[in-house]
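Visitor: Could you take a close look at one part, the packing in the interior, and go through it residue by residue and helix by helix?

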Amino acid sequence: MLNTHYKDLKDSYLFYNIAQKVNAYLAQHPGTHLLRLGIGDVSQPLCAAVIDALHAAVDDQANKETFHGYMPECGAPFLRETIAAHYAKRGVVLSPDEVFVSSGASDELGDILDLFDKSAAAMVIEPAYPAYVDANVMAGRQIVHLSSGRENGFLPEPDDSIDADILYICSPNNPTGAVFSRDQLQAWVDFANRRGAVILFDAAYEAYIEDETLPHSVFELDGARTCAIEICSLSKTAGFTGTRLGYTVIPKTLERGGLNLNAMWVRNRTTKTNGISYILQKGGAAAFTDEGQSQIRQQIALYKRNAKTLTDALDRIGLWYCGGHNAPYVWLRCPNGMDSWTFFDFLLQKGQIVGTPGAGFGACGEGFFRFSTFGDPADTAEAARRLTALLG
Ligand code: MLT
């Protein structure tokens with residue numbers, strides 16, 4: 001009667017597991033101020049342009065003339081058009097009805113699997129955001145684990161031994177911060193088209209790219225319109241982790257087995273949702289205005305200063321790391337041969353610092369550790385100071 005694939009999952013989800021450990025520590029050490037560099041949750045409030053638009057939208061809901069009931073299931077035309085125009089600035093031409101408004105990337109990464117049969121195999125490049133694996137395990141899908149490591153800069157190339165129908169690619173990567181170059185991503189696009197696979201491209205961190213030779217969107221690559229879906233979010237770009245808003249691009253040219261994935265997703269959304277709240281979509285649209293973009297860039301710059309604070313400390317200590325430049329995560333080698341959960345406990349007990357153990361992102365993450373740069377700047381500076389004192 002029940003979905004027995006749940007038995008195949010690890011006991012608890014990574015970030016839930018960490019929260020339990022942190023709560024247990026706080027129960028034993030009440031009143032401790034923890035320096036939270038664990039889950040990638042933003043510390044800065046929504047920018048003024050978004051807040052103003054949210055307030056105005058609340059007022060709209062108070063008047064019969066401006067009130068909105070159910071919203072279009074695939075997204076309000078004003079927001080779909082705004083997002084398509086945002087892509088156009090990078091030379092990616094989308095029709096607004098190729099853009100679907102969602103309640104966030106993590107929600108969508110699970111929901112989008114409705115498009116695929118249970119027999120489809122999913123390739124996950126590890127270390128990986130754990131929801132990719134767990135969402136597919138819940139559905140009983142076979143997972144093809146593709147390990148990466150320092151030897152390939154955590155950016156593996158496709159090869160013909162990979163037998164998968166769904167290819168998860170996250171660039172800039174969570175957790176390693178590695179970013180596929182244009183040529184590297186092109187190789188994956190060509191591979192997907194050759195194999196008839198579909199890339200699920202997680203672009204949640206694209207706004208952190210500084211090196212403008214790197215692709216922000218998979219649709220900057222030739223051939224992506226026949227093999228890719230892009231999932232993006234305002235969470236890390238505009239501080240919407242608690243407000244929830246994202247978007248998904250499904251080209252109308254994406255077809256498999258005589259079915260059109262854009263049309264399938266319209267059918268899915270019109271059945272399973274009643275649209276995203278009008279208020280949130282107005283707030284989201286404000287993030288794409290010139291004013292919103294300039295305010296968001298200031299927040300991203302603040303998180304990048306956090307990254308520099310942490311990487312300067314790691315340089316002083318002499319620990320190997322990557323990321324933190326074109327991405328909001330710093331991925332480091334645990335010191336003194338510690339495994340990643342031992343280092344987690346060490347930092348929590350000795351420094352009151354919370355990070356994320358690399359082993360939580362897959363077996364090849366063992367021996368590594370992740371710091372989020374989304375924390376409060378003063379806390380991040382204090383964490384850097386304590387790290388240097390503990391390990392320097
Ligand atoms: C993370 O810490 O990996 C992310 O914040 C998780 C998420 O976006 O759901």
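Guide: Helices (H or I, at least four residues) and strands (E, at least two) are here DSSP runs, numbered from the N terminus. The model is a predicted one, in which local features need pLDDT of at least 70 and side-chain atom pairs count only at pLDDT 80 or more, whereas totals for chains, interfaces and linings use all residues. Residues are numbered from 1 along each chain as its sequence is written, and side-chain values use heavy atoms, with hydrogens and water left out.

T356 belongs to strand β14, residues 356–357, and its relative accessibility of 0% makes it buried (under 20% relative accessible area, with exposed over 50% and partly exposed in between, for a 1.4 Å probe and protein chains only). Apart from neighbours within four places in sequence, T356 is in contact (heavy atoms within 4.5 Å) with L14, F15, I18, G38, I39, F361, F369 and R370. F369 is also among the residues touched by C334, together with D339, S340, F343, G367 and F368, again not counting residues up to four places away in sequence. C334 sits in the loop between β12 (329–333) and α11 (340–351), yet it is buried, at a relative accessible area of 6%.

Helix α11 leads on to α12 (residues 377–391), since their axes (lines fitted to C-alpha atoms, for helices over the stretch in contact, with angles from 0 to 180 degrees between N-to-C directions) come within 11 Å and cross at roughly 105°. That angle makes α11 roughly perpendicular to α12 (65 to 115 degrees, with under 35 counted as roughly parallel, over 145 as roughly antiparallel and the rest as oblique). F343, F346, L347, K350 and G351 of α11 make this contact with R386, L387, L390 and L391 of α12.

Beyond its neighbours within four places in sequence, I199 is in contact with L167, I169, W188, V189, A192, C227, A228 and I229.

Helix α10 is also among the elements that cover the buried residues of α9, which include α2 (48–60), α3, β2 and α7 (235–238) as well. Eight of the 10 residues of α9 are buried, so this helix is largely enclosed by the rest of the structure; the buried ones are Y278, L280, Q281, G283, G284, A285, A286 and A287. The axes of α3 (residues 77–88) and α9 (residues 278–287) come within 9 Å and cross at roughly 25°, which means that α3 is roughly parallel to α9. Their crossing is left-handed (the near helix is turned anticlockwise from the far one by less than a right angle, and clockwise in a right-handed one). In this pair, F78, L79 and T82 of α3 meet Y278, Q281, K282, G284 and A285 of α9.
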